[in-house]
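Keep the sequence and the 3D view side by side as you read.

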Amino acid sequence: MATSSGERERNSCWQAVSCKRSGIDCVYHLYERHRKQNGVAKPTSNSYFSTEDDELIDWSKPILGQVAGLGKHYFTWTHQPVDQPIRLFKSDLLELLSKCPWWLVPLTWIPVSLYLLQRSYLGLSSNTVRWNLLATEIIVTPLIIPALVALGIFLWTFFEYSIHRWIFHLNPPPKSPLLIKMHFVLHGQHHKSPMDNMRLVFPPVPASMFAAAIFGTYLLVLPVSVAQAIFAGTILGYMAYDLIHYYIHHATPHSAYFSSLKRYHVKHHFEKQQLGFGISSKLWDYPFGTLIKDTE
């Protein structure tokens with residue numbers, strides 16, 4: 001079946017999307033055409049990648065305090081992307097701690113995962129560990145550790161979806177400057193400046209807070225050695241998510257799987273911000289009805 005010129009243009013432009021400006025401009029060209037055809041209101045700025053007409057924020061100053069005062073305009077504003085780095089804080093130290101290069105993720109979390117695996121192995125080797133799972137008592141041995149790690153990776157895919165959808169994409173109350181600030185620090189800044197490579201992966205400090213909450217939950221319901229192995233898998237799943245997220249923003253994938261994820265995530269950023277919450281996979285978008293279809 002022959003394809004129309006519009007379809008050929010769309011396909012070539014989605015394939016062009018990369019860390020290069022030209023690819024992103026092509027996405028916006030398509031989005032602007034989509035906006036006009038469907039009667040979508042034009043954003044307040046004249047150019048998606050220009051801040052000179054942004055009357056809400058003074059970009060020459062740190063913006064976190066200013067963002068808190070946007071009120072009802074915040075959620076719309078944060079989904080009108082800019083192509084420039086963001087400075088959040090006046091303090092150089094806080095600003096440094098709010099940024100994270102991609103390589104810091106494995107550098108931080110691989111040792112933690114290996115330590116947990118070692119502790120789990122030693123615990124299971126020296127003690128008889130019984131795990132009551134679905135009214136069935138299981139004797140856990142070191143041979144089960146790979147299965148526990150796989151379970152932890154699977155559980156991460158659900159956490160990834162849940163955190164992205166129900167925390168990162170909450171619309172904070174317009175009368176709560178504190179919640180607006182929290183939202184912007186957690187995720188709003190990434191949608192505002194999606195190509196800022198220092199504000200894409202999670203810095204260790206906020207990531208540790210989520211890690212502590214998840215590990216604490218595991219410890220409440222699981223034997224310690226079992227929780228350690230499952231959490232080691234959860235950390236591996238998290239690392240894969242963060243690195244895949246960086247990869248699909250700043251690389252041009254050659255495999256079909258990652259090319260599909262990149263197109264999917266571009267649509268999440270620029271067309272369907274309230275759909276497509278899976279980053280490393282689309283798994284949970286299917287049962288929760290948030291899948292972005294290829295035809296959309």
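Start at His268, which lies in helix α11, residues 256–270; helices here are DSSP runs of H or I with at least four residues, strands are E runs of at least two, and both are numbered from the N terminus. Before going further, note that this is a predicted model, in which local features need pLDDT of at least 70, side-chain atom pairs count only at pLDDT 80 or more, and totals for chains, interfaces and linings use all residues. Residues are numbered from 1 along each chain as its sequence is written, and side-chain values use heavy atoms, with hydrogens and water left out.

Is His268 buried or exposed? With a relative accessible area of 0%, His268 is buried (buried is under 20% relative accessible area, exposed over 50%, partly exposed in between, using a 1.4 Å probe and protein chains only). Its side chain makes a polar contact of 3.3 Å with the side chain of His164. Such a contact is a pair of N or O atoms within 3.5 Å; within protein, one must be able to donate a hydrogen and the other to accept it, and residues adjacent in sequence count only if both atoms are side-chain atoms. A polar atom of the His268 side chain also lies 3.4 Å from the backbone oxygen of Gly276. Setting aside residues up to four places away in sequence, His268 touches several others, including His169, His191 and Phe277; contact means heavy atoms within 4.5 Å.

Phe277 leads us on to the aromatic rings. Together with Phe154, Phe158, Tyr161, Trp166, Trp284 and Phe288, Phe277 belongs to a cluster linked by ring pairs. Rings of Phe, Tyr and Trp (its six-membered ring) pair if their centres lie within 6.5 Å; planes under 30 degrees apart count as stacked, over 60 as edge-to-face and the rest as tilted. By this rule the count comes to 23 aromatic pairs. One of them is Tyr74 with Phe184, an edge-to-face pair at 6.2 Å centre to centre and 75° between the planes. This pair links distant parts of the chain, with Tyr74 in helix α4 (residues 74–78) and Phe184 in helix α8, 110 residues apart. Both Tyr74 and Phe184 are buried. The rings of Phe154 and Trp284 have centres 5.8 Å apart and planes at 50°, so that pair is tilted. Phe154 is partly exposed at 42% relative accessibility, whereas Trp284 is buried at 19%.

What about the nonpolar interior? In soluble globular proteins, nonpolar side chains tend to be buried together. The largest nonpolar core here has 37 residues, and Trp109, Val226 and Tyr238 have the most contacts inside it; a core is a set of buried Ala, Val, Leu, Ile, Met, Phe, Trp, Tyr and Cys residues joined through side-chain atoms within 4.5 Å. Helix α10 supplies the largest share of this core, 13 residues. Leaving aside neighbours within four places in sequence, Val226 is in contact with Val129, Trp131, Val140 and Leu148. A second, separate core of 14 residues includes Val67, Phe75, Trp77 and Val82.

Finally, step back to the whole chain. There are eleven helices and two strands, and buried residues make up 47% of the 296 residues. Among contacts between residues at least 6 apart in sequence, 65% join residues at least 24 apart.
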